[in-house]
Amino acid sequence: MALYLKEDLTFNQAGIELITEDTADGKGKNLYMKGIFIEGGVKNANQRVYPVHEIEKAVSTINEQLKTGYSVLGEVDHPDDLKINLDRVSHMICEMWMDGPAGHGKLKILPTPMGKLVEAMLTSGVKLGVSSRGSGNVNEGSGHVSDFQIITVDIVAQPSAPNAYPKAIYEGLMNMRGGSQVFEMAREASQDQKVQKYLKEGIQALIKDLKL
């Protein structure tokens with residue numbers, strides 16, 4: 001049975017370009033996002049590897065759908081299944097192509113409520129990422145994906161870098177009773193395996209304290 005697979009790329013990881021083009025009637029502008037939609041041939045953050053030939057096949061299928069007039073719509077944020085919820089649609093895929101091992105593409109932001117929200121954020125400088133949504137089988141040992149199919153690509157709110165929120169997290173932790181000790185254990189654990197066994201107990205104690 002195929003699994004529900006979604007893979008996130010931040011604004012920077014996807015190399016997102018914002019493109020503005022005239023509408024067909026020349027009276028307005030359309031906004032597009034262009035960049036990497038899914039990476040192939042490397043182990044990603046979810047410990048999965050998408051062979052390049054699987055990406056090529058999935059990209060080809062999307063393009064065949066587009067050629068026949070099928071609209072490949074995408075949403076804001078992460079749905080929990082492969083269905084497209086029309087009330088959350090913000091964009092549509094215009095085209096996809098291969099560039100090296102990665103599947104690239106171009107999204108057109110639509111004038112829907114969610115599309116207007118995305119447009120407002122992008123034009124205000126917010127860095128939004130993309131997330132491929134599809135299905136496939138995953139080898140438990142190697143993490144290699146087979147029988148992969150892209151259903152769509154969604155737009156997601158993500159930090160532009162792994163440490164985008166450290167200050168808020170740090171300050172919140174330091175304001176908790178015992179937070180400084182947990183922080184120090186976490187820092188030490190990255191360098192000393194002996195410390196790691198005490199980290200879980202410290203976090204559990206902190207959580208228990210929060211409930212009191």
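Tutor: We will take a sheet, an aromatic pair and a pocket in turn. Keep in mind that this is a predicted model.

Student: What holds the strands of a sheet together?

Tutor: Strands of a sheet pair through backbone hydrogen bonds, and the pairing is either parallel or antiparallel. Here three strands make an open sheet in the order E1-E7-E8, with antiparallel pairing.

Student: Which strands stand at the edges of this sheet?

Tutor: Strand E1 (3-9) and strand E8 (145-157) do. Each has a single partner strand, so one side of each has no neighbour in the sheet. On average, neighbouring strands of this sheet are turned by 25° against each other, direction ignored.

Student: How many bridges join E1 and E7?

Tutor: Seven bridges, in the antiparallel sense, with E7 covering residues 128-138.

Student: Next, the aromatic rings. How many aromatic pairs are there?

Tutor: For a pair, the ring centres must lie within 6.5 Å. By that rule the count is one aromatic pair. Tyr50 and Phe148 form the pair, with 4.8 Å from centre to centre and 70° between the planes. Planes over 60 degrees apart count as edge-to-face, so this pair is edge-to-face.

Student: Which parts of the chain does the pair tie together?

Tutor: Tyr50 lies in the loop between strand E3 (29-38) and helix H1 (52-67), while Phe148 is in strand E8. The pair therefore ties together parts that are 98 residues apart in sequence.

Student: Is Tyr50 buried or exposed?

Tutor: Buried means under 20% relative accessible area. Tyr50 has 1%, so Tyr50 is buried. Phe148, with 4%, is buried as well.

Student: Last, the pocket. How much space lies in the largest pocket?

Tutor: The largest pocket holds about 260 Å³ of space. Its lining has 14 residues, and Asp8, Leu9, Gln13, Asn44 and Ala45 lie nearest the centre. E1 gives the most to this lining, with three residues.

Student: What kinds of residue make up the lining of the largest pocket?

Tutor: Five are nonpolar, five are polar and four are charged.

Methods
Residues numbered from 1 in each chain as written. Predicted model: local features only at pLDDT ≥ 70, side-chain atom pairs only at ≥ 80, totals over all residues. Heavy atoms only, no water. Pairing = 2+ DSSP bridges. Helix = DSSP H or I, 4+ residues; strand = E, 2+ residues; numbered from the N terminus. Axes fitted to C-alpha atoms, helices over the stretch in contact; angles between N-to-C directions. 1 Å grid on protein atoms, 1.4 Å probe; cavity = no way out; pocket = protein on both sides within 12 Å on 5 of 7 lines; lining within 4 Å. Points joined across faces, edges and corners; volume = space filled by probe spheres on them. Nonpolar A, V, L, I, M, F, W, Y, C, P; charged D, E, K, R; others polar. Phe/Tyr/Trp six-rings, centres within 6.5 Å; stacked < 30°, edge-to-face > 60°. Buried < 20%, exposed > 50% of the residue type's maximum accessible area, 1.4 Å probe, protein only.
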